[in-house]
Amino acid sequence: MAEQNKRPTVRNNRPNPNDPKNKGRNWLSIVFYVLMFGLLAAWMFGGDKSEEGPQKDLSYTKFQSYVRNDAIESLVIYDDNTAKAKVRKESYGIVFGDAAKGEEAKGTIKALIPSVDEFTHFMDSVNEERHEADKSAIDVSYAKSRDYWYLILVNVLPFLLIVLFFVWMSRGIGSAAGGIFGVGKARAEVFDKGKKDKVTFKDVAGLAGAKQEVEEIVEFLKNPKKYTELGGKIPKGALLVGPPGTGKTLLAKAVAGEANVPFFSMSGSDFVEMFVGVGASRVRDLFRQAKEKAPAIIFIDEIDAVGRARGKNVMTGGNDERESTLNQLLTEMDGFGTNSGVIILAATNRADVLDSALLRAGRFDRQIHVELPDVQERKEIFGVHLRPLKLDNTVDVDFLAKQTPGFSGADIANVCNEAALIAARNNHKKVGKQDFMDAVDRIVGGLERKTKIMTDEEKKSIAFHEAGHATISWMLRWANPLVKVTIVPRGMALGAAWYLPEERQLTNEEHILDELCSLLGGRAAEQLFLKQTSTGALNDLERATKQAYAMVAYYGMSDQLKDVSFYDSTGRYEYGFTKPYSETTAEIIDKESARIIAEQMQRARRILQENEEGHHALANMLIEKEVITSEDVERILGPRPWKSRGDEIMEANAANAALAAAAKPKRRAPRKKSDDQPAA
């Protein structure tokens, strides 16, 4: 699908400073920083700083010895059973070490005392001894302990900071993600309306049917009376199903751009978390937000992440987190409560693994299939992606649409971008047809490995192998028509052939047998003309074997097992230990598959023998030129008598457009007023 450099505008999740809630968060931040600064200041500058110099903590016995030996000149006793003494200048070196002798510092010593009364008796006895020795008494004073503010900062503030930190984390920090306590909040993107750079339905090309379905949903929301006055109800949900790259998410973006209602977008993996119960909580919160802003649309991309069928995984029990999330989603979509005004859109490329309760009507009333585009839709998609490119006159949109069968919208966008890069690499002023063909080859086959060295024998073997594919596909009506053959190594392949697959809605047995014969053409050419076999046919044999087994076991295209299919579309046997058929039936399947492959191998050898001269001419041209196209094959083997389905579709569309233009009434030209007519 096409998206021309447009993306929906997502609501900015940064807090608004004018919001009263955010103002409260700002004040909380200021308080938090002030307390942090206070704690830092208390630790750096706190404590009793009345005394300068070093301070030494001593035992009570050592402290008593310094007091008795006349090493202190004054002493302070605190009410917290501590004593601090000022050291005499003469004893400074004894107390603090020989390195401190002679310094003019005021040091103190400190000790924890048994009690104030006991230490007072001790000091009285010391002063009596000093009085008898005609020495002056030691000055003893009493004081309260250190500042209580310091004690509060050191002992209470750390716990207060921890509490404030968790409150701050839950309310302020990481508000866009819900905070540490907001893991259960739904982190949905809300798309704003009224923006210029939004995706609309004009940017979606090709998906006519799917676009009509989602356009009707938008119309439901814009004009509900048109439908409800007749008794109808707005559908509750729509599921977009299709292969990757077909434009499911782009359709949802177009709905977000067209609908003038709130649009909540989440991925299925956003509900899955390592914490138990978080997924169900996020589902509840998502629907709560949508109900508050109803009418609204909820889009869940890749819903298979949470919507897998319950009970299939044998490795987990019934309490699996994914299952609880799915149960909550089922309840919110269509449970006991009402969900009026909320429409659910979801997208997945694996609808086969979804739970049946999720797919039933009442939850997803509509399943919109977004398939790979056909040739006409690819033409429209190319028209969108070619707009920003500078093209020359060689580019033909019809040709590009025919050359890209099976391409999704994302693949086409990649082709256009790759063509522009190749043109710039080759210093082209504009992007040409050859640049697009090189881009298709690059995407389908991989990068050319021109530096890989091959011997002449290897080159001849590869050329005969690829010429065998080309010859048989050209001669069989239902085989895919050839586009180009090369023996230049690309990716992991030593040679490659490009075909133009028929875009059929139904495949019959004759189609499959012709494709099988074409796949075996390379191995048949090696056996027939080179009298040897090589490992180069590995991929061909793998595909042929799978196709033969599918004919017998799935499609019922076997004489021994007619109208029997062992295909399991429900996935019941995915974790089983037994096959849905007996050993005898398994032997029949093996024999029938081997018979089909052997018959098509003989058929391929017969076709190559009938066209031996043309095959050798193609092989020699490949050895010489390394690359040949369908024009070279047509010149050697003659024109194919059958038209491709792509040409038939394009011709039918052109014929229908011509008929519609012819049936459209032509506007009559206004009559000219002649000079002789009277004026009105």
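Biologist: Which strands does helix α22 lie across, and what angle does it make with β14?

Modeller: General idea to begin with: axes are lines fitted to C-alpha atoms, for helices over the stretch in contact, and angles run from 0 to 180 degrees between N-to-C directions. Contact means heavy atoms within 4.5 Å. Helices (H or I, at least four residues) and strands (E, at least two) are DSSP runs, numbered from the N terminus. Here α22 (residues 612-625) lies across β12 and β14, at about 130° to β14. Helix α23 (residues 630-637) also packs on the sheet, where it touches β12 and β14 and makes about 70° with the direction of β14. One caveat: this is a predicted model, in which local features need pLDDT of at least 70 and side-chain atom pairs count only at pLDDT 80 or more, while totals for chains, interfaces and linings use all residues. Residues are numbered from 1 along each chain as its sequence is written, and side-chain values use heavy atoms, with hydrogens and water left out.

Biologist: In what order do the three strands of that open sheet come?

Modeller: Strands pair if DSSP finds at least two bridges between them. The order is β13-β12-β14, with antiparallel pairing. β13 (496-499) and β14 (627-629) are at the edges with a single partner strand each, so one side of each has no neighbour in the sheet. From one strand to the next, the twist averages 10°.

Biologist: How many bridges join β12 to β14?

Modeller: Three, with β12 covering residues 482-486. In that pairing, V485 sits opposite I628 of β14.

Biologist: Is α17 mostly covered or mostly uncovered?

Modeller: Buried means under 20% relative accessible area, exposed over 50%, and partly exposed in between (1.4 Å probe, protein chains only). For α17, 14 of the 20 residues are buried, so to speak mostly covered. You can check its length as well: the expected span is 1.5 Å times one less than the number of residues. For residues 456-475 that gives 28 Å, and the end C-alpha atoms are 28 Å apart, which agrees.

Biologist: How many salt bridges does the structure hold?

Modeller: The criterion is a side-chain nitrogen of Lys or Arg within 4 Å of a carboxyl oxygen of Asp or Glu. There are 16 here. The D285-R288 bridge is 2.5 Å, N to O. R288 also meets E292 at 2.8 Å, N to O, and those two are four residues apart in α10. D285 is buried at 6%, R288 is partly exposed at 38%, and E292 is exposed at 57%. Elsewhere, shared partners join D70, R88 and R130 into one salt-bridge network. Within it, R88 and D70 meet at 3.1 Å, N to O. R88 is in the loop between β3 (82-87) and α3 (92-96), and D70 is in the loop between α2 (60-68) and β2 (72-78), 18 residues apart.

Biologist: And how many aromatic pairs are there?

Modeller: Rings of Phe, Tyr and Trp (its six-membered ring) pair if their centres lie within 6.5 Å; planes under 30 degrees apart are stacked, over 60 edge-to-face, and the rest tilted. The structure has seven such pairs. F119 and F122 have ring centres 5.6 Å apart and planes at 40°, so that pair is tilted. Both are buried, and they are three residues apart in helix α4 (residues 116-132). With Y60 and F63, they form one aromatic cluster.
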